[in-house]
Amino acid sequence: FIVLLAISILTGCSSEPDPRLERIDRLSEKDPGLARAALDSIDRETLIAPDRHFHNLLDIKIDDKNYVRHTSDSLILDVLDYYSSHKDSPRYPEALYYAGRVYSDKGDSRTALKYYHAVMDLVRDNDSDISLRIRILSQAAWLLGKIRLYDEAIPYLEEVISLEKEGKDSVRLSNDLLVLGGIYLNQENFDLAEKNYQLAKSFAVGKDGGQELMADVSLAALH
């Protein structure tokens, strides 16, 4: 009875994630460099299983946000193995998304797209996951464009651009317009390429000098 009671208490205590990890997760959206330092200060071996896998997911997520190229899939496979058995977790869709990011960096486009499509189905009609859906659509479209599946990439870009306009996210919007313009350029549809490059520049003016410069370079290459 005492053993069962202890297990019951421990199970109850483990239902809520470690608040330190939740704070680091929020911090990663604003300051991934600081989030990395904070995550490294926590010994994952001292964490219970759910928090240890949350830690592993944050490890991948924070590297991604710090533009660290993913070279190994061992950690994401461990994360996927855990969350595939806990599909009710709110972190399951993000685990699928970062699996896509890992395999995209490793050059395995087929596997990356498999995970992007899987997570798209999960967040399709969930308003609370719009930010994640935008990232998925943008990454999938970029990858499809990279492997020259232009006709498949265009609908994803059109949807993500529409969502970014609604959310008034001018920096992401400018970037995705540049990607769409590049796809039309590769298809030799020069009028639509120029239209999207000009739109990209208009959304970047006064907000992101780098994006504005990229738009000018893209227009120069087009002409």
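Arg-135 lies in helix α8 (residues 130-146) of this predicted model; helices are DSSP runs of H or I with at least four residues, numbered from the N terminus. Arg-135 is buried, with a relative accessible area of 10%, where buried means under 20% with a 1.4 Å probe on protein chains only. The side chains of Arg-135 and Tyr-98 form a polar contact of 3.1 Å (a pair of N or O atoms within 3.5 Å, one able to donate a hydrogen and the other to accept it; residues adjacent in sequence count only if both atoms are side-chain atoms).

The table gives contacts, defined as heavy atoms within 4.5 Å.

| Residue | Contacts beyond four places in sequence |
|---|---|
| Arg-135 | Lys-65, Glu-94, Tyr-97, Tyr-98, Arg-172 |
| Tyr-116 | Tyr-97, Gly-100, Arg-101, Ser-104, Ile-136, Gln-139, Ala-140, Leu-143 |

Tyr-116 also belongs to the largest nonpolar core, of 59 residues, where Ile-76, Tyr-83, Tyr-116 and Ile-136 touch the most other members. Such a core is a set of buried Ala, Val, Leu, Ile, Met, Phe, Trp, Tyr and Cys residues joined through side-chain atoms within 4.5 Å.

Confidence is given as pLDDT, from 0 to 100 for each residue. The protein has a mean pLDDT of 90, and 91% of its residues reach 70 or more. Over residues 3-14 pLDDT stays under 50, and the model has one contact beyond four places in sequence for them.

Residues are numbered from 1 along each chain as its sequence is written. Local features need pLDDT of at least 70, side-chain atom pairs count only at 80 or more, and totals for chains, interfaces and linings use all residues, while side-chain values use heavy atoms, without hydrogens and water.

Definitions and conventions: Buried < 20%, exposed > 50% of the residue type's maximum accessible area, 1.4 Å probe, protein only. pLDDT = per-residue confidence, 0-100. Helix = DSSP H or I, 4+ residues; strand = E, 2+ residues; numbered from the N terminus.
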